[in-house]
Amino acid sequence: MTDTTMALAGSDPHQLGGMAAIAHSGPASKRIVTGYGFWIFILSDMVMFSAFFATYAVLLGQTAGGPSGRELFDLRNVAIETGFLLASSFTCGLASIAADIRSAKWFQIAMAVTCVLGLGFLIIEGREFASLVARGAGPTRSAFLSAFFTLVGCHGLHVSAGILWLLTMMAQVFTKGFRADIMRRVLCFALFWHALDIIWIAVFTVVYLLGSAA
Amino acid sequence: MSNGHQEIDDRLDLAPGDEHVEGVGSRVLGYLTGLGLAILLTATSFFVAGTDLVWQPSIPVALVVLAIAQMGVHLVFFLHITTGPDNANNVLALAFGVLIVLLVIGGSLWIMANLNHNMMPMDQIMQMQR
């Protein structure tokens with residue numbers, strides 16, 4: 001019996017310990033339950049976005065005689081936005097590491113950089129929206145532009161909410177330290193922020209790159 | 001085991017976002033790898049979209065493939081979704097989400113393309129109503 005356990009441990013990179021761990025395990029820890037619940041929320045958020053993506057793809061050609069994506073989109077701006085969001089995803093990961101090693105200084109620095117990059121993204125997006133509206137290509141112009149503003153605006157709203165959450169986490173870590181409940185919120189925030197970047201991949205590919213090709 | 005979060009016996013599961021890797025250096029290296037791959041894929045996407053060097057009809061497919069690859073990179077290197085047994089719940093939830101997303105997008109495009117194909121052009125419908 002002991003020999004089998006030893007043999008199992010050797011070929012057991014995740015230290016499951018055969019069936020023994022399953023027989024004796026209690027309920028999962030709060031961190032796992034919270035993280036998993038938030039993971040389900042993120043996936044349902046992606047399902048919601050998929051409906052907006054489907055709407056955009058269906059309405060891509062319905063410009064009602066108005067401007068099409070090829071005439072409107074400035075891909076250089078989109079590339080800069082993409083860079084900002086990607087870099088902020090990276091610094092958000094660094095903030096998670098800093099939180100795990102309980103380094104308040106590096107956590108605050110990484111979160112502040114994430115915040116600045118996120119704000120940069122929002123400013124560029126806001127200017128793009130403002131210039132579209134100023135050129136008479138607002139959401140009321142055509143079905144294509146309604147779908148565009150709904151989809152990209154919804155992502156922008158998520159980023160705005162993420163920045164508010166980010167600032168809340170900086171304040172909470174500053175005042176309450178790395179308590180277990182704060183660490184769970186940091187975990188959920190990191191999931192949220194990385195998920196926003198994943199949705200942005202779909203946005204820049206479907207909306208901007210494919211949209212300006214069509 | 002993971003990141004020092006061991007409140008109870010967590011050997012069977014791992015919270016989404018947590019990873020097995022120990023040590024700051026190797027964890028930062030993981031994020032750097034993800035960042036490098038993501039930059040590479042993004043740059044390829046933008047290059048392919050604006051170039052004349054590639055056979056034009058292949059570009060939409062190439063862009064979609066590059067986007068899916070980059071989502072995979074983000075899932076693995078930033079969200080730490082693995083195929084390990086402690087990630088089974090996370091992967092199953094993800095798989096269900098992907099299924100619904102594919103049904104919504106694929107189904108909408110299919111139905112609307114079919115409707116477009118079978119419906120009379122709008123100006124002809126207007127003429128019939130006169």
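The largest nonpolar core of this predicted model has 82 residues, a nonpolar core being a set of buried Ala, Val, Leu, Ile, Met, Phe, Trp, Tyr and Cys residues joined through C-beta atoms within 7 Å. A residue is buried if 20 or more other C-beta atoms, placed from the backbone, lie within 10 Å of its own. The residues with the most contacts inside the core are Phe53(A), Tyr56(A), Leu151(A), Leu191(A), Val203(A) and Val207(A).

This is a predicted model, in which local features need pLDDT of at least 70 and side-chain atom pairs count only at pLDDT 80 or more, while totals for chains, interfaces and linings use all residues. Residues are numbered from 1 along each chain as its sequence is written, and chains are lettered from A in the order in which they are written.

**Core**
- At least two core residues come from each of α3, α5, α6 (104-134), α7 (143-176) and α8 of chain A and from each of α1, α2 and α3 of chain B; helices are DSSP runs (H or I, at least four residues) numbered from the N terminus.
- The most is given by α8(A), with 23 residues.
- Leu151(A) touches Phe52(A), Phe53(A), Tyr56(A), Val203(A) and Val207(A), residues up to four places away in sequence not being counted; contact requires C-beta atoms, placed from the backbone, within 7 Å.

**Leu196(A)**
- Leu196(A), in helix α8 of chain A, is buried because 24 other C-beta atoms lie within 10 Å.
- Not counting residues up to four places away in sequence, Leu196(A) touches His158(A), Val159(A) and Gly162(A).
- Asp45(A) is 151 residues from Leu196(A) in sequence and 9.9 Å from it in space, C-alpha to C-alpha.

**Contact between chains A and B**
- Chain A contributes 49 residues to the contact and chain B contributes 51 residues.
- On the side of chain A that touches chain B, α2 (20-24), α3 (30-59), α5 (75-100) and α8 (180-213) of chain A each supply at least two residues.
- The most is given to that side by α3(A), with 16 residues.

**Helices of chain B**
- Helix α1 (residues 24-50) of chain B has 27 residues and spans 39 Å from its first C-alpha to its last, close to the 39 Å expected at 1.5 Å a residue, a value taken as 1.5 Å times one less than the number of residues.
- Buried residues of α1(B), including Arg27(B), Gly34(B) and Phe46(B), pack against α5 and α8 of chain A together with α2 (59-77) of chain B.
- In α3(B), the buried residues are Asn90(B), Val101(B) and Ile105(B), and their cover includes α3 of chain A.

How values were computed
Two residues are in contact if their C-beta atoms, placed from the backbone, lie within 7 Å. A residue is buried if 20 or more other C-beta atoms lie within 10 Å of its own, exposed if 12 or fewer, and partly exposed in between; C-beta atoms are placed from the backbone.
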